[in-house]
Amino acid sequence: MDIPLTIRETQEGLLNGELSAVRLVKEYLDRIDKYNRILNVYLTITRDKALEDAERVDRVISDLGKDALSAYPLIGVAVNYKDLYLTKNIRTTAASRVLENYIPPYSATVVERLERAGVICLGKTNHDAWAHGSSGENSDFGPTVNPWNKSYVPGGSSSGPAASLAANLALVSTGTDTGSSVRLPASFCNLFGLKPTYGAVSRYGVIAMASSLDTIGNFGRCTEDIEKVFDVIKGEDGKDSTAINGKWSEPKERLKIGIPKEYFIKGIDRGVENMVLEAAKTFEKEGVELVNISLPHTEYAIDVYYIVMPAEVSSNLGRYDGIRYGNDRLSFGDEAKRRIMLGTYVLSSGYYDAYYLKAMKVRSKLIEDFNEAFKKVDAIIAPVSPTPPFKLGEKTSDPLQMYLADIFTVSANLAGIPGLAIPSGFNKDGLPLGFQLMGPRFSERTLFKLGKVFETATNYKPKTAEL
Amino acid sequence: MTKLNSDIVAHVAKLAKLTLTGKEIEKFGGQLSKVVAHISKLNEVDTSDTDPTSQTGGLADVSAKDEIHGDMLPQADALSGSKKTINGYFTVAAIFQAKDV
C-alpha cells in the first residue's frame, strides 16, 4: 500500500474509510523493520503502543466519523519523538550512554498535547547526544545516515527525526533547535522544519541543552503539516516559566523579504548561494518585494553562540551525577565533555568578563541588528548551511569545522526569533538543498504564508527517498 | 588570549567534575584551544555602551501560585530512576567519615 505523505491525505483516507489506522501503522512498522538497521533512525520502536494507539484511532473514527477531526486534530498522524523528549514509561536516552536505560516517570508537555490530539507514537529517534552536533555523528548509538544518499550525513542534531520522514518511516516528527538542530537536518533531508519563537512552545519535559536558546521544533513534508502540529503544541502550560501565549501577528497582504548581505560571503558553496537567490526571485514573481538589508554583526554570531551555549550546557549537564538517574559522568561522550569544559572555562573566575559577559553584550547587538531590519522587512531569507550535505566522517576530526556549519542558523536562536526551513530541490549530485525564512518574534503565521506561497509557485510535491 | 595548556584543562575538568586521562587532557586541550582562539574574535566588537542580554523572552519574575495540584510526582516515581535508594531516600557516597563526627 502507498503510505500517504501528508496529514491531509492521511486523515482523508482514514475518515472516508479507505485506510485503517492499524493497517497504516503495520506498513510503517514493516518499513522500520526493513530499513532501520541501515539507517539507524529509531533508538526505541514502540511497537505495542503504536498498535494500541492505532486501534484507538480506528474506534474513535468509527464512533465519531468526521467529528473526530475537531476533537482530535491530529488523529491518525504517525509521529516519533527525538530522544530528548521524556515519554512516560518509555526509555529516553538523550542518545547518550549516561541515560541508556533511563525510564522517565512523566512525559513532556509536547508529548501529552500530541497524544491528546490523537497521534500514533512509533518510537524515539536517534540524534547527536544531548543535541550536541550538526551531523548526527555524535550519537553514542552510532550515526543516522541520510536516506537520500547513505554516504552522507542527514544533518543534526535532530538527525533521526529528519531521516525518518525522508525514509517514510513516520508522517511528522519532532526535534529541538538550539543553534540549527531542526533547520539544518530539514534542509539536508528535503523537508520543512520549524524553529519556533523562543517561548512559543513549552520546553517542559524536554531534556535541556541551553536554556536561553532551546526551542521545540517540528518537521513535515509541507507547510500545512508544520502548522497543524505547531498549533497543537504551542502555548503556556503552567510548567515552563519561559513559555508565552504569543500575540500572533497576522500576515500582511503585501510582504517584504530582506536579503542580508552578510549571509552571502566568500566560502559559501556557489550552488547553495544561487539556490537561495533563485528562491528570493520566486517570491518576487509572486508579488513579494525584495529589499537589500544588512545585519552587521552576523560574523560574530557563531562566537557568541559557542560561548553562551556551552556555558548553559555546563550548567544543565551538571545534574547528571548518577545519583537520581542515569550512569555517572564517566559515561559522557567526547563532544559532551568538550562543551561542558568550554562552558566551565568561559564562566570561570578570571575568564568570565572576557568571554561570557562579552558574549552577552554582543548578543544584544545581534538582537538590535534584527530589530532594525524588521522595521524594513517582514521576513529575512538566508541559507541554512554554507554547504550542501557533507559526507559521514568529513568533519569529525576537527570540532571547530563542525561548529562552523552553524554560522547562518545560530543568530535566530540568540535573538529568540522563528525560522522556517524550506526545501528547494536537489543539487547536481542529487543532494537536498534548502533555505530559511526568519521573522520577528511571534511571526510564525507570516512564515507559514510564505512557505505556502513558495510551494504553490514551485508546484512543490512531497517526496521520500528511494531506499 | 591564553592557550589551554594541560594545567588549565585539568583545572577546568576538576571544576566540571569530569575525570580525564592524560591523553584526553592533551587531546581536548588542543581542540579547545582552537575554539577559544576563534571565539576571542569578539574582542573586535565595541560593547562599551551595550547592556548584556541573558534571555529573549522579555519576561521577569514569573512565579506560580503556591497551590497543591492534583498531578504531583509520587515519591516512588521520583525515586524510580536509581537503584541506590533506601527507605525513600537516594543514597550518596559518605562525605564525613565516622572519625570526623
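Which strands of chain A does H12(A) lie across? This is a predicted model. In it, H12(A) lies across E7, E8, strand E9 (379-383) and strand E11 (432-438) of chain A. The helix runs at about 120 degrees to E9(A).

## The sheet of chain A

Chain A holds an open sheet of eleven strands with mixed pairing. The strand order is E1-E3-E2-E4-E6-E5-E10-E11-E9-E7-E8. Strand E1 (42-45) and strand E8 (289-293) are the edges, and each pairs on one side only. From one strand to the next, the twist averages 25 degrees.

One residue pair here is A:Lys256 with its bridge partner A:Glu289 in E8(A).

Helix H2 (residues 21-39) of chain A lies across E1, strand E2 (78-82) and strand E3 (120-125). H2(A) runs at about 20 degrees to E3(A).

## The contact between chains A and B

The contact takes 56 residues from chain A and 50 residues from chain B. Together the two chains bury about 4600 Å², with 67% of that on carbon and sulfur atoms.

Polar links are present too. There are 18 residue pairs in polar contact between the chains, both residues at pLDDT 80 or more. Salt bridges between chain A and chain B number four. One of them joins A:Asp334 to B:Lys27, with the closest N and O atoms 2.5 Å apart.

## What chain A supplies

Helices H10 (301-316), H11 (334-347), H12 (353-376), H13 (399-403) and H14 (410-415) of chain A each supply at least two residues to the side that touches chain B. H12(A) gives the most, with eleven residues. By class, this side of chain A has 32 nonpolar, ten polar and 14 charged residues.

Definitions and conventions. Residues are numbered from 1 along each chain as its sequence is written. Chains are lettered from A and ligands numbered from 1 in the order in which they are written. This is a predicted model: local features need pLDDT of at least 70, side-chain atom pairs count only at pLDDT 80 or more; totals for chains, interfaces and linings use all residues. Side-chain values use heavy atoms; hydrogens and water are left out. Contact means heavy atoms within 4.5 Å. Buried area is the accessible area (1.4 Å probe) that two parts lose on being put together, summed over both. A salt bridge is a side-chain nitrogen of Lys or Arg within 4 Å of a carboxyl oxygen of Asp or Glu. A polar contact is a pair of N or O atoms within 3.5 Å; within protein, one must be able to donate a hydrogen and the other to accept it, and residues adjacent in sequence count only if both atoms are side-chain atoms. Helices (H or I, at least four residues) and strands (E, at least two) are DSSP runs, numbered from the N terminus. Ala, Val, Leu, Ile, Met, Phe, Trp, Tyr, Cys and Pro count as nonpolar, Asp, Glu, Lys and Arg as charged, and the others, Gly among them, as polar. Two strands pair if DSSP finds at least two bridges between them. Axes are lines fitted to C-alpha atoms, for helices over the stretch in contact, and angles run from 0 to 180 degrees between N-to-C directions.
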